[in-house]
Amino acid sequence: MASSSSKLTLKLLVDAKREKVLFAEASKAVVDFLLNLLCLPIGTVIRILNKNQMVGCLANLYQSVENLDETYMQPDQNKDLLLKPNASVSSQISGLLPSVNDTSSNNSTNVFYRCPNHYGHVTCDNTTRCPSCRTSMNSQMIFVGEKVANEISAEKSGFVKEVVTYMVMDDLAIQPMSSISSITLLNKFNVKEVGSLQEKVVELDMNQGVNLLKASLQSKTVLTDVFLRNHSSA
Ligand SMILES: [Zn+2]
């Protein structure tokens, strides 16, 4: 499912009167996408959202590193470690967020590297320095474990199991779907006229993926913001 044109769908339950998403019915793939946001390094988030879209001051921190001349960096350090940190989780995200790993030479999860001189340490980032001799750990090793190869296969990848549908709240709280929990929720949201509830199927593509990441940093009504209100942003 990790092609460059990935598109997922979610089914929203919308309170049309209040123009609010009550919750979304989401597949494993959507939930995996959301959980993957937790694995993104902050530097990557800033890069995806563009500095001017970030609230707070982290973007200034990022800009400062961009501006800093390499001569101020420790000789064994590289600005890209900060500006383009390695996100080791891209498979569920690819297609739904801009490429987060476009610089590092190889991020496929079953390629590892070691120091040319020392065998005791292993890394998946070939710019890492050996803790013993500070040489770049760039000797490629191929992981041949049968178990890992199997786990990469479709339905076992990601974080959550595929057997159930998940319920994603407007504030991104996630739980397995059940009819009891949906009824309880209707109560909680004080929905008196079931007639004002509408089902709406929406697509989650790369634009919406970025919007979702952005909204999740700023809002408690993420699904409403992204899928009901955010018509203007392309
Ligand atoms: Zn070494």
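Which residue takes a positive phi in the hairpin of S5 and S6? I will come to that after some bookkeeping.

This is a predicted model, where local features need pLDDT of at least 70, side-chain atom pairs count only at pLDDT 80 or more, and totals for chains, interfaces and linings use all residues. Residues are numbered from 1 along each chain as its sequence is written.

The chain has nine helices and seven strands; these are DSSP runs numbered from the N terminus, H or I of at least four residues for helices and E of at least two for strands. Of the 234 residues, 23% are buried. Buried means that 20 or more other C-beta atoms lie within 10 Å of the residue's own, exposed means 12 or fewer, and partly exposed is in between, with C-beta atoms placed from the backbone.

Now the strands. Two strands pair if DSSP finds at least two bridges between them. S2, residues 20-26, pairs with S5, residues 166-169, in the antiparallel sense over four bridges. S5 also pairs with S6, residues 174-176, antiparallel over three bridges.

Four residues lie between the strands of the S5 and S6 hairpin, and the residue with the positive phi, near 75 degrees, is Leu172. As background, most residues other than glycine have a negative phi.

Two further cases sit in loops. Glu19 has a positive phi near 50 degrees and lies between S1, residues 8-15, and S2. Glu19 counts as exposed because it has 10 C-beta neighbours inside 10 Å. Asn190, with a positive phi of about 60 degrees, is in the loop between H7, residues 179-188, and S7, residues 197-204. Asn190 has 8 C-beta neighbours inside 10 Å, so it counts as exposed.

Last, a helix pair. H2, residues 42-49, packs on H8, residues 206-218, at about 120 degrees with the axes 10 Å apart. Axes are lines fitted to C-alpha atoms over the stretch in contact, and angles run from 0 to 180 degrees between N-to-C directions. H2 is therefore oblique to H8, given that under 35 degrees is roughly parallel, over 145 roughly antiparallel, 65 to 115 roughly perpendicular and the rest oblique. Val45, Ile48 and Leu49 of H2 make the contact with Val210, Leu213 and Lys214 of H8, contact meaning C-beta atoms within 7 Å.

How values were computed
Contact = placed C-beta atoms within 7 Å.
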